[in-house]
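Here are some exercises to work through with the model open beside you. Try each task before reading its solution.

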Amino acid sequence: MFRLAASKVLLQSALERSQEWHSQRGNEYHQAMFPIDSEKEMTFDAIDLEELKSDKRNGIYFIFDNIRNIGYVGMASSMTFSQRFYNGKKDCKDNCPSNCGCFGHINSTPDTCRSSRVITPDAEYRVYCLAEMDAATAEVMQSEVDWYYILLEAEIEMTNAVWALGRAGYTGRPIVSCHIESATYQHFLTISEAALTLLPNHSGGAGAIGPMVSGLQNQLNGYTHRYATKDELELYQGHREITELIGRFPQVSEWHDNQGNPIEDRVRNMNSKMAWISGPLNESDLEHLKSTARGSYDTSIKSKYKRVYWQRRYKGWKWSAYKREFKADGVKRRERVSDNHPTDRAAAIDRELWVIKNKLTDINISNFDWDLPPD
Ligand SMILES: [Zn+2]
């Protein structure tokens, strides 16, 4: 049981601090909505964690470790208590990659969410419902801020990040967005906030960004996104433009083939998947994203060399040449296509060398009369 002795003094200072929080942000404050109207002692029973798994309520919840006297307050409005605590995979802590999208307070306990300081493996935390609300009332996020200051005034060490209070849909997994063309970066507390700002005309809304933060898609509409790391969160607070700040964090990205195997930069193609983990993207990541963006390539690029082609989907040049293939009914010509080359000349030289080496000059045409230039 959690007992809250709400004295007149406590309520008055909580109210003032909440008003101050709102006025600093230019938000309207509705005093009539302050959750406790008069001095009283209140008690709350802990919710059984098994029952919490199917708890359909909306409202204010409180995660509290009585022994350490530390707590975290939150509001579930767009989702139910059950979703807020158990979103994601049941075995998230054991089996998910670090950048998974699960955000349930209990089953996932993302370390980007301050609730992770209360929900530790051996801690004696309990979960309480402080106020049940219908989803529409809960949309007004003032209550979360009011309760935060009430609990703080009750001398509980509150772990919430003050900057994250009052954000509908804040799940402790803010995101970093990169505008690929300009290599500029922005920070958003929620995926919904990013979608509203960056993709205002996109019908998919937050759902359009999800595939990128979970690594299923590399880019959309000129942007790529990932979850912010725990270290980044504190520095980015209060900032949306973070191009100047992001360079302070290590640059970590990995590329995988469509089977999920790690691959090196030079064998990337348009099916390769990027896992962007921390810091800014490097030049070669950005170049690859630009070259594989839909509609960004120029199909008019042609080489003066024969059998050398500009790869539309990959910024590079390939060559093709015939090779002999022995079949039961005789010799057939089959085409061989090269890997990518940075210039058409490099591709043409590589082609010429390959044809000479494989003794196929009789069935192929030449760009250099089988006599390569010295360079
Ligand atoms: Zn997970």
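**Exercise 1. Find how the radius of gyration of the chain sits against that of a compact globule of 375 residues.**

Step 1: the radius of gyration is taken over C-alpha atoms, and the globule rule is 2.2 Å times the number of residues to the power 0.38. Step 2: for 375 residues, a compact globule would come out near 21 Å, but the chain has 29 Å. Step 3: look at the box filled by the C-alpha atoms, which is roughly 100 × 45 × 35 Å along the principal axes.

Before going on, please note that this is a predicted model, in which local features need pLDDT of at least 70, side-chain atom pairs count only at pLDDT 80 or more, and totals for chains, interfaces and linings use all residues. Residues are numbered from 1 along each chain as its sequence is written.

**Exercise 2. Find which strand has the lowest mean pLDDT among the elements of the chain, and which the highest.**

Step 1: pLDDT is the predictor's confidence in each residue, from 0 to 100. Step 2: the chain has a mean pLDDT of 89, with 94% of its residues at 70 or more. Step 3: its elements are 11 helices and 14 strands, taken as DSSP runs numbered from the N terminus (helices H or I, at least four residues; strands E, at least two). Step 4: strand β14 (residues 330–337) has the lowest mean, 70, and β6 the highest, 98. Where pLDDT is low, the predicted coordinates should not be read in detail.

**Exercise 3. Trace the open sheet of 4 strands and say which strands stand at its edges.**

Step 1: two strands pair if DSSP finds at least two bridges between them. Step 2: the order is β5-β3-β4-β6, and the pairing is mixed. Step 3: β5 (125–133) and β6 (157–158) are the edges; each has a single partner strand, so one side of each is left without a neighbour in the sheet. Step 4: helix α6 (residues 142–153) packs on this sheet, touching β3 (58–65), β4, β5 and β6, and its direction makes about 165° with that of β4. Such angles run from 0 to 180 degrees between N-to-C directions, with axes fitted to C-alpha atoms, for helices over the stretch in contact.

Step 5: now take the pairs. β4 (residues 70–76) and β6 run parallel over 2 bridges, with E157 as the bridge partner of I70. β3 and β4 run antiparallel and are joined by 7 bridges; here Y61 stands opposite G74. The β3–β4 hairpin has 4 residues between its strands, and N69 in the turn has a positive phi of about 55°.

**Exercise 4. Is β4 mostly covered or uncovered, and is S182 buried or exposed?**

Step 1: a residue is buried if 20 or more other C-beta atoms lie within 10 Å of its own, exposed if 12 or fewer, and partly exposed in between, with C-beta atoms placed from the backbone. Step 2: β4 is mostly covered, as 6 of its 7 residues are buried. Step 3: S182 is in the loop between β7 and β8. Because S182 has 10 C-beta neighbours inside 10 Å, it counts as exposed.

**Exercise 5. Describe the sheet of 3 strands and the helix that lies across it.**

Step 1: the order of this open sheet is β8-β7-β9, with antiparallel pairing. Step 2: its edge strands, β8 (184–188) and β9 (223–227), each pair on one side only. Step 3: β7 (residues 175–179) and β8 pair over 5 bridges, where T184 is the bridge partner of H179. Step 4: helix α7 (residues 191–198) lies across β7, β8 and β9, at about 25° to β7. Step 5: in α7, I191, E193, A194 and A195 are buried.

Methods. Contact = placed C-beta atoms within 7 Å.
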